[in-house]
Every structure is written in C-alpha cells, then in structure tokens.
Amino acid sequence: MAIRAVDTRAGGLRERRESQAVGLGLVRRLDWPLLGALIAVVAYGLWAIDGITRHDPGGSALSRQALYAFAGSLLFLAALFVDPDRYRQLRRPIYFGTLGVMIFVLAAGAATRGSRRWIDVGFFTFQPSEFGKVVFVLALAAFIAERSRSITDPRAPLAAIGYGLAPIMLVFVQPDIGTALVYTAALAAVLFIAGVRWSHLAVLAALTVFVALAVLWLLPASGVNVLKPYQAARLTGFTHPNNDPRGATYNLTQSITAVGAGGLRGRGVLGATQTRLNYLPEHATDFAFASLSEQHGFFGASLLLLLYLLIVWRALKIVAGARDLYCAVVAGAIAFMFLFQVFVNSAMTMGIAPITGIPLPFVSVGGSSMITNFLALGILQSIHMRRGVRRRA
Amino acid sequence: MASTADRGGRFLPNDPRTAEPYRLTPQLAFRVAMLGLLFLAIFAVLFLRLWALQVLSGDRYLTAANDNRVRTLRLEAPRGPVLDRNGKVLVRNVAGTRVELWPADLPKTWAARKRELRALSQITGATVKEMLAQLKANGSDPLTPVVVQRGLKRDQVFYLYEHAAQFPGVQTQDSFLRSYPYQSLAAQVLGYVGQISPEEYKSLRPKGYLPTDALGQSGVESTYDTYLRGKDGRAQLTVDSRGRPKGAARTETRPTPGQALKLTIDIDLQRAAERALKFGIATAHAAGETAANGGAIVALDPKDGAVLAMASNPTYQPSIFVGRKVTKKLAPLLNPEVAQKDNHPGFNRAISVTYPPGSVFKPVTALAAMETGLMHPDDVIPCTPSYIAYKQPFLNWTPLIDTGMNLATALAQSCDTYFYELGNRFYKLPANRGHQLQAWANRFGLGELTGLDVGPEVKGLIPTPEWRRNAYKGKQYTEVDRTWKPGYSIQMAIGQGQVLVTPLQMARFYAMIANGGKLVTPHIGSDVELTGTTGQQGRILRRFGAQSPQPTGVDPLALTAVQRGLEEATHSPYGTGFGVFGHFPVDIAGKTGSAEKLIKFPGYPNAVNKTQSWWCGYGPYNAPSIVVCAVIENGGHGGVSAAPAALKVFEQYFGKDGQITTHASD
C-alpha cells in the first residue's frame with residue numbers, strides 16, 4: 001500500500017517534469033556538485049600539468065591541454081542535449097562503427113609495421129580506443145538492457161560478453177593492455193549493474209582469474225607467449241620493484257621515488273627534480289600522478305583524489321536515481337570505469353598495481369582521454385537531468 | 001514475482017507502453033551500495049599508500065631523488081713542480097683534459113653501452129676492453145667516475161662536446177699532465193706518474209687516496225708523492241636523467257695545488273753527465289770496445305751527500321707515460337723481451353744495477369790493510385807481471401812492470417800484484433781477527449744500502465766465507481764449492497771475484513776519502529716549497545736536507561796515504577789517469593777501474609768476459625767539492641772510456657779552463 005502511495009506521488013511529479021523536459025529547463029536539473037567537481041578537477045589538472053610539463057623540451061602543455069578541455073566541454077554540453085535513449089536506439093551503428101574504426105587503425109598500423117593507436121585528424125591525433133571506452137559502454141548497456149527481462153538466463157550475460165570481447169581483443173592486439181583492461185572493467189560493471197546472477201558473476205570472475213594466470217604464468221611456462229616479455233615484466237614488475245632497478249622496473253623505481261620525495265607539502269615545480277630532470281619518464285601522461293605528487297605532495301595528491309571521489313560518489317547517486325535500467329547501467333559502468341582508471345593509474349605510480357598505459361582522467365596530457373572523459377561526464381549529467389522523466393516512445 | 005514477468009516477456013512482444021515502469025529494485029540498490037563500498041575501499045587503499053610513501057618514508061625517497069641528480073666532481077689539484085737546485089723547472093704541469101665514464105649515466109642496455117664505448121674508443125683511443133675492465137673494477141659504485149683517458153687533444157675534446165648527446169655518461173674534466181722541459185734528462189731519477197693500481201689503492205686508502213687517483217710510480221715522484229700531489233677539490237653538478245649537466249658545477253672545496261719539490265740535482269751538470277755517458281760509450285767504441293752499451297755517472301757533494309747528478313744510460317722520455325699510452329713506446333720499459341734488447345732503459349744504473357768494481361776498490365783494500373796492521377804505506381811490495389800463490393799465478397794487468405812499490409805508486413799505477421799480496425795477507429789472518437777486508441768494506445758503505453731517498457736501490461755483495469757456505473748449500477754444490485779459498489781473498493783485493501757494488505756506493509766511498517773519513521747519506525730531495533708566482537722565491541715549507549755525515553773511524557794518516565795515491569794516479573806520468581786528468585787545470589784525484597764481468601749478450605750462446613770501465617774521484621784535491629763516479633758497461637779499461645767521461649762532468653762543474661761556474665756548496 002505504501003508503495004502505491006509513493007508511486008502515485010511519483011507519477012504526479014513525473015507528469016510535471018515531463019512538461020519541462022524540453023529546452024533549457026533541463027539545465028536546471030543538472031547535478032551541480034558533479035559539475036562543480038568536474039570544473040575543479042579540470043582546473044586543478046590544467047594547473048598541475050602546467051607545472052609538470054614546464055621543463056620539458058616542448059615547453060608547457062597547458063595551452064594544448066586547455067584546447068582539449070575546451071573541445072571536451074563542447075562535447076559535454078552537446079551530450080546534455082542528447083537523450084540517452086538515442087544511444088540505445090543507435091546501438092548497432094555505434095557499436096559496429098567503432099569496431100570498424102578500430103579495425104581500420106589496426107590495419108593501418110600493420111601497414112606501417114608498428115603499434116598504431118591513433119588516427120591523425122589534423123589538429124590532434126585521435127585515439128579511437130580511448131573514445132571507444134564510452135561508446136563501448138553505451139552499446140553494451142543497450143545490448144544487455146534489451147535482455148533485462150531474461151537477465152537470469154546465462155545466455156544474456158554470454159551475449160553481452162560476446163559483444164564485449166570483440167573490441168577488447170582488438171585493443172589488446174594493438175597492443176594496448178591498459179585500455180583492454182579498462183574495457184574489461186567496464187564490461188564487468190555492465191554485467192554487475194544489469195543484474196546478472198551472483199553465481200554467474202562468480203563463474204566469470206573465476207574464469208577471469210584463470211585466464212590472467214594462464215596468460216602471465218601457465219602459458220609462458222609451457223612456451224606459449226601471449227604477451228611480449230616486456231609487457232609481462234611490466235605487469236608483474238610491481239610485485240618486486242627492487243629486482244632490477246635499472247632495467248625493467250626502472251620506471252617504477254623512479255616513480256615511487258618521485259611520489260615519496262614529494263612528502264607532505266611537495267617539492268614545488270622547480271624542486272621536483274625527478275620530473276624536471278626527466279628521471280621520471282612519461283611524467284606528462286602515464287606517470288602524471290607521480291609527478292603531481294612530487295610537486296604538490298600529500299596535500300596536492302589528496303586533493304585530486306578527493307575530487308575524484310566526489311565525482312564517483314555523485315555518479316553512484318545518478319545510478320540510483322536513473323530513469324531506467326539502461327541509464328543505470330550506463331551510469332554505473334561509466335562510474336566504475338572512471339574509478340578504475342584513477343585507481344590503476346595512481347596505484348601503478350605508487351607500486352601497488354601493474355604498469356599499464358592508462359591516462360589519469362583530466363590530468364594526463366592527451367586530447368582523446370580528455371574529450372572522452374568530458375563526454376562520459378556529460379552523459380552522466382544527461383542521465384541525471386532526465387531522472388524521473390519517462391522516455392518518449 | 002520476477003518469474004511471472006519473465007514468462008510474460010517470452011510470449012508477448014516487448015511493448016514499452018505496457019512495460020512495467022522502471023523502478024530502483026532493492027537488488028540494484030544493494031549492488032550500487034556494494035559499488036559504493038568498493039569505491040571507498042579503493043580510495044582508502046590509495047590514501048594509505050600515498051601516506052605511507054610521502055609522509056612515512058618521504059625522507060628516504062627524498063634522499064634517493066637527490067642521489068639521482070647530484071654528481072660530485074673531482075677538481076684535480078695540479079701536482080707540484082719539481083725544481084733543480086737552482087730553481088729550474090724539471091717537471092711541470094700542462095693543462096689537459098681527462099675523459100670520465102659515469103657508470104650511473106651510461107646506457108642501461110648492454111648493446112647500447114657497448115655501442116657507445118666503441119664510438120668513444122674511436123675518438124680517444126682507449127680500447128673498449130680496457131674501459132670495460134675499468135668499469136668492472138669500479139663495479140659496485142655507480143657514482144664514482146672511471147677515468148679512461150687523460151690528455152685529450154683539442155679536436156677530440158671539441159668532438160665530445162659537440163656530440164655530448166650521443167655520449168651519455170661520458171664527461172670531460174680539466175686535468176693536468178706532467179710535462180718535462182728537459183725531456184729525457186734525469187728520467188730514472190724523476191720517475192713518472194701513473195694511475196693508482198688496485199693493490200696500491202688497498203694500502204694507500206687509509207691516507208685518503210681514491211681509486212681514481214694518480215700516483216707517483218717511481219723516482220722522486222714516488223718518494224715525495226705526498227708533497228707533490230696536492231689535494232683535489234670537489235664540485236657538485238646537477239645532471240638530468242641522461243647524465244647531461246644542468247647549469248654550471250658548484251665548487252664546494254677548491255683544489256690545493258701540490259708543493260714544489262726542490263732537488264739537489266744541478267740540471268746543467270745532469271745534462272753534462274748524460275752527454276758524458278754517450279761520449280764515454282762513443283770513445284769506447286772508437287777504441288775498439290764495440291760492446292760498450294750503457295753506463296752510469298753519479299756526482300755527489302762529498303760534504304753532505306747531495307746528489308748533483310745521477311745519469312743512467314740508456315734512458316727514455318718520461319713523457320711516454322703521459323696521456324695516451326702507446327704500447328710500442330712503453331715496451332722498452334714494460335716488456336721484458338724488448339727491455340733486454342734495448343739494455344733496460346728503465347733501470348737507474350746508479351742505484352739499481354751492480355757491477356764488479358775492479359781497481360776502484362783498491363783504496364778499500366789499502367785502508368783495511370793499514371787499519372788491520374797488515375801494511376804500512378811506505379812498505380815496498382813487489383809489483384811483478386804475476387803473483388804466484390798456492391801454486392797458482394795471479395796476473396798483473398800489464399806484464400811490463402817489475403819493480404817494488406809503495407802504496408801511493410801502487411795505487412797510481414794500479415798494480416794488481418801489490419794488492420794480491422795484501423789480499424793473501426787478509427786470507428792468512430787468524431780466524432779470531434774476523435774478515436777485516438769485508439768488515440771495512442761494509443763500514444765504507446759497500447754492499448750496503450746507501451739510504452738514498454729515491455729508489456729502487458740494491459745492496460750489491462761483499463762476499464764472506466759465511467756467505468759462501470750459505471749461498472752454495474744446495475745439493476748441486478760440493479764441499480769444494482762451499483769452501484772459501486785463498487784465491488777469493490786475493491781476487492777481492494782488486495775488486496774482483498764476486499764483489500758487486502752500485503756506482504752510488506762507490507761514489508759515497510770516494511766522498512768519504514775526499515771529506516776525511518765521514519760517510520755521507522746521499523739524497524736527492526732538498527726541500528718542499530710553496531709555489532709562488534713565477535720569479536718569486538718559494539717559501540720553504542720543509543727541508544729534507546742532509547743527515548750529518550757519520551765518522552767511519554778510519555785513521556786520518558791512512559786516508560792521507562790513499563789520497564796521495566789517488567792524486568798521483570792522475571798526476572804522475574805513470575798514473576793510470578794522467579792522460580786524461582794530468583793537464584786539467586783543477587787538481588783532480590781519482591782511480592781507474594777495469595773490472596772483468598761475464599756478460600751474456602742476447603743471441604750468443606756463451607757468456608764472454610767483458611771489461612767494465614770505471615773511474616771514481618774528486619776535486620779539487622785540497623778542498624774537494626765534488627765526487628764523480630763513472631761506469632761504462634763493457635767500456636774497456638778505466639782510462640779508455642770512464643775517465644774521459646768523468647772529465648766531461650768536471651769540465652762542466654769547474655768550467656773547461658778551471659773557472660768554477662757552478663758550485664755545489666753555495
């Protein structure tokens with residue numbers, strides 16, 4: 001009875017909101033804390049990256065990064081005005097289109113006999129696999145939401161995994177293990193939020209552990225190398241960082257040193273010698289967190305982590321208040337994927353996660369990552385704006 | 001509940017309008033909550049790790065970060081110059097450049113490292129093998145550079161500067177190189193400077209030496225290394241991850257230059273002595289002694305033992321030890337085969353090689369005989385073509401003399417039979433009188449180290465019956481070999497048999513005759529001075545000076561008799577040195593020597609008996625200020641080559657016309 005009473009009231013609200021759901025009225029329904037956190041983290045990231053890259057040969061990356069942020073915010077705004085339902089309807093073109101672009105990149109890379117992850121589109125090189133993260137979540141969520149009624153049937157998660165594995169494999173053979181891991185995380189989040197049974201999830205988890213063991217240990221032991229040796233060394237190197245401080249784990253040693261040297265207050269832009277004198281490689285991208293920690297110390301790094309925490313907390317709230325299962329799955333996967341990137345990137349610089357080339361959201365220099373993250377948060381906002389609004393059939 | 005919905009979905013088309021409105025199911029809420037907890041756990045892990053690294057172990061990592069970037073450079077201290085007694089610079093420094101490898105900054109992969117070293121080798125000439133060996137020896141310490149080359153040429157330095165990007169871990173530093181304005185003069189005395197060896201480093205480490213240090217390796221460079229070396233300074237340099245310097249080095253301590261070392265050597269006299277050796281050898285060749293191939297000349301101040309000149313022939317250019325080492329140039333010194341072929345130019349023959357003294361030993365016999373009461377200087381002893389003892393003839397050097405002689409005449413004409421008789425008298429001394437000849441020889445410093453401050457010195461040998469018994473105790477010898485026979489004493493009286501002395505020992509003995517019976521301690525180092533700017537008198541920091549001469553207790557009358565004999569030898573028309581010194585304006589007294597020595601020449605099966613040419617003496621006779629002892633190897637009779645060579649030294653010292661130009665005692 002109580003439920004129905006709640007229902008009635010909700011129904012009334014829904015009618016009212018539906019009338020406002022056109023035009024700028026929606027904007028007032030933005031999740032303001034999330035928007036504030038986004039602006040704060042972007043500003044902080046820009047400020048930090050200026051210090052991190054100031055002594056690099058190419059000079060500060062601030063202007064470039066600001067341009068990316070500007071492009072990203074345009075995409076963010078655009079995403080606000082797209083009803084998430086549009087993505088669901090367009091799931092097949094989106095999915096196969098992205099897949100096609102990935103295959104194209106891979107083929108082009110094979111033609112130039114090297115690892116190619118990007119397409120040159122003039123003012124910046126566009127990395128489809130990065131952009132694909134969000135697209136992948138949108139499509140996968142749609143495929144599984146289609147089967148939401150039969151979600152307890154093992155065929156539903158299997159179909160979703162089938163759709164998911166294709167892009168994961170394409171990214172893996174690029175080779176870009178880090179992004180492949182992000183995709184896998186997103187797939188897991190999709191299955192989890194969509195309501196796949198616990199027993200099925202357990203079987204999948206066990207299978208994942210087995211595959212990981214096989215790739216890293218069983219198969220190499222029997223002479224089949226799925227990963228190139230340097231990749232395996234990077235993935236497992238963090239478990240024994242002092243093994244070979246000048247060789248395979250050089251980056252890791254320097255990164256931990258940089259983080260630790262930052263201390264409580266940081267060494268400042270000039271004093272951060274690990275970054276300034278280039279002992280810390282890739283400090284503008286993969287190891288941006290270490291660099292930031294060295295320059296701004298525990299306080300600076302904590303501030304960044306708190307902003308991330310604010311973002312994922314708001315994202316979870318959006319999951320809870322989503323209009324339908326599709327939106328909930330999309331929001332949940334975006335939130336998890338976002339956190340996964342934050343965790344793997346920062347944890348790897350501190351020696352508690354494998355070294356993979358995953359950018360730190362809104363901080364690492366890179367247009368594709370910046371724009372993709374803006375888009376992801378734009379979609380979150382879009383979902384939030386349309387909470388309680390029934391989709392128009 | 002869910003199952004009915006499922007069933008409905010199977011049979012009916014999916015119509016959104018009839019679909020149940022979406023609602024946050026408890027299951028989803030639970031899962032979102034779980035996600036939330038997972039997120040919190042993840043952030044907790046991140047914060048904890050961040051705290052552990054930055055706050056708990058921050059200091060440790062800060063140290064590691066600083067070690068990464070700071071390189072401590074050694075600012076080489078210029079080594080002190082070496083001066084002659086008149087302040088002329090014998091060894092100085094010229095600016096050079098050294099190449100260092102910093103192991104920490106070299107390429108990490110073996111292939112890249114080897115490629116870089118190979119490229120470096122093509123520029124500097126240091127072989128890859130050497131560099132790798134040095135790196136390996138340095139092994140444990142990535143922040144101590146390895147010096148692979150000193151004395152780079154300008155174009156090599158510029159090339160390395162311009163291509164610095166291709167040579168991570170390679171640095172060039174200012175350095176100093178030894179330079180020898182007088183080239184090969186006094187090469188063996190001066191010695192050379194080389195890289196400290198691992199063994200030397202082990203023993204010198206407590207004195208603050210570093211494995212990269214240079215060290216004086218022989219001669220005065222070695223003896224006075226602690227004064228000459230100075231103290232290196234230190235500077236700190238910040239480098240980036242590829243070892244490229246960022247900004248200028250910051251000097252922490254300035255290098256303290258080494259002190260100047262003044263020697264007792266007179267470089268003009270040294271030059272004269274070295275030329276005299278060449279002249280003596282040439283003279284010997286002209287006289288048919290074609291095997292003459294080396295020698296030594298020592299000039300001492302008889303009053304305090306200051307070495308005025310110490311020449312050794314053959315010699316070498318000390319500059320071959322400077323900068324890039326050329327194996328071929330160093331072979332005569334370091335390769336035993338080549339050294340033998342070139343007659344060992346590295347030896348300082350004045351102190352490191354022994355010769356049988358021959359007749360220059362006769363004053364020892366005379367003094368010992370007088371002290372022992374075996375002879376009075378006025379006694380007349382027959383000088384005959386041969387001396388028969390124990391049914392064995394001992395020949396005089398010339399068969400043309402058959403007359404009685406006193407000591408002075410016997411010394412002047414170097415009569416062998418006179419001294420054979422004395423030797424026999426020594427042999428016949430009762431056992432309780434000891435071995436008087438040997439005892440006095442030792443007392444006069446023969447067969448003993450002279451205590452010269454520059455090595456390496458050898459003792460030589462004054463054989464005794466006890467020595468013989470000990471030396472021939474091996475099974476391959478018989479009792480006959482071990483027995484001291486009368487012939488040994490008779491031979492020893494004329495400086496033959498197994499007597500072996502260095503030219504410096506002999507010079508010291510003649511200094512004793514000249515100064516009235518006191519044994520001096522020869523020395524080369526005079527004092528160390530603070531190097532002033534040029535033209536300034538250096539401030540003397542420490543005098544090594546002469547040790548006071550030790551009286552030998554020899555009877556002044558006996559000494560006078562010997563002095564008279566030596567003067568007669570150069571001034572009596574029959575004297576062995578008259579032809580050479582008889583008309584020299586300064587009164588020189590001295591003795592020739594012609595010692596037989598079995599020489600094995602390379603390439604010949606049997607050793608041959610060759611005469612070692614000696615002359616020892618001093619002047620002016622009444623107030624001696626210089627003693628000269630000369631040896632020409634295989635140079636024939638003493639009067640043939642050694643005496644003319646010695647005269648050249650006196651000519652330089654006193655001037656050709658007897659005007660004293662340089663003086664030892666000023």
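Modeller: One definition is needed at the outset: two strands pair if DSSP finds at least two bridges between them. The model is a predicted one.

Colleague: How many bridges join strand 2 of chain B to strand 10 of chain B?

Modeller: Strand 2 (residues 82-83) of chain B and strand 10 of chain B run parallel. Within this pairing, V82(B) has L261(B) as its bridge partner.

Colleague: Which residue of strand 18 of chain B is the bridge partner of K262(B)?

Modeller: Strand 10 of chain B also pairs with strand 18 (residues 525-530) of chain B, in the antiparallel sense and over four bridges. In strand 18 of chain B, the partner of K262(B) is D527(B).

Colleague: Are the faces of strand 10 of chain B covered or uncovered?

Modeller: In a regular strand the side chains alternate between the two faces of the sheet. In strand 10 (residues 260-263) of chain B, A260(B) and K262(B) lie on one side, L261(B) and L263(B) lie on the other, and all are buried. Both faces of strand 10 of chain B are therefore covered.

Colleague: Which strands stand at the edges of the five-stranded open sheet of chain B?

Modeller: The strands of this antiparallel sheet follow the order 12-11-23-22-21 in chain B.

Colleague: How are helix 2 and helix 3 of chain A directed relative to each other?

Modeller: Their axes come within 9 Å and cross at roughly 160°. Angles over 145 degrees count as roughly antiparallel. Helix 2 of chain A and helix 3 of chain A are therefore roughly antiparallel.

Colleague: Which helix gives the most residues to the side of chain B that touches chain A?

Modeller: In this interface, 38 residues of chain B are in contact with 46 residues of chain A. The elements giving two or more residues to the chain B side are helix 1 (2-11), helix 2 (26-56) and helix 3 (58-69) of chain B. With 18 residues, the one that gives the most is helix 2 of chain B.

Note on methods:
Residues are numbered from 1 along each chain as its sequence is written. Chains are lettered from A and ligands numbered from 1 in the order in which they are written. This is a predicted model: local features need pLDDT of at least 70, side-chain atom pairs count only at pLDDT 80 or more; totals for chains, interfaces and linings use all residues. Two residues are in contact if their C-beta atoms, placed from the backbone, lie within 7 Å. Axes are lines fitted to C-alpha atoms, for helices over the stretch in contact, and angles run from 0 to 180 degrees between N-to-C directions. Angles under 35 degrees count as roughly parallel, over 145 as roughly antiparallel, 65 to 115 as roughly perpendicular and the rest as oblique. A residue is buried if 20 or more other C-beta atoms lie within 10 Å of its own, exposed if 12 or fewer, and partly exposed in between; C-beta atoms are placed from the backbone.
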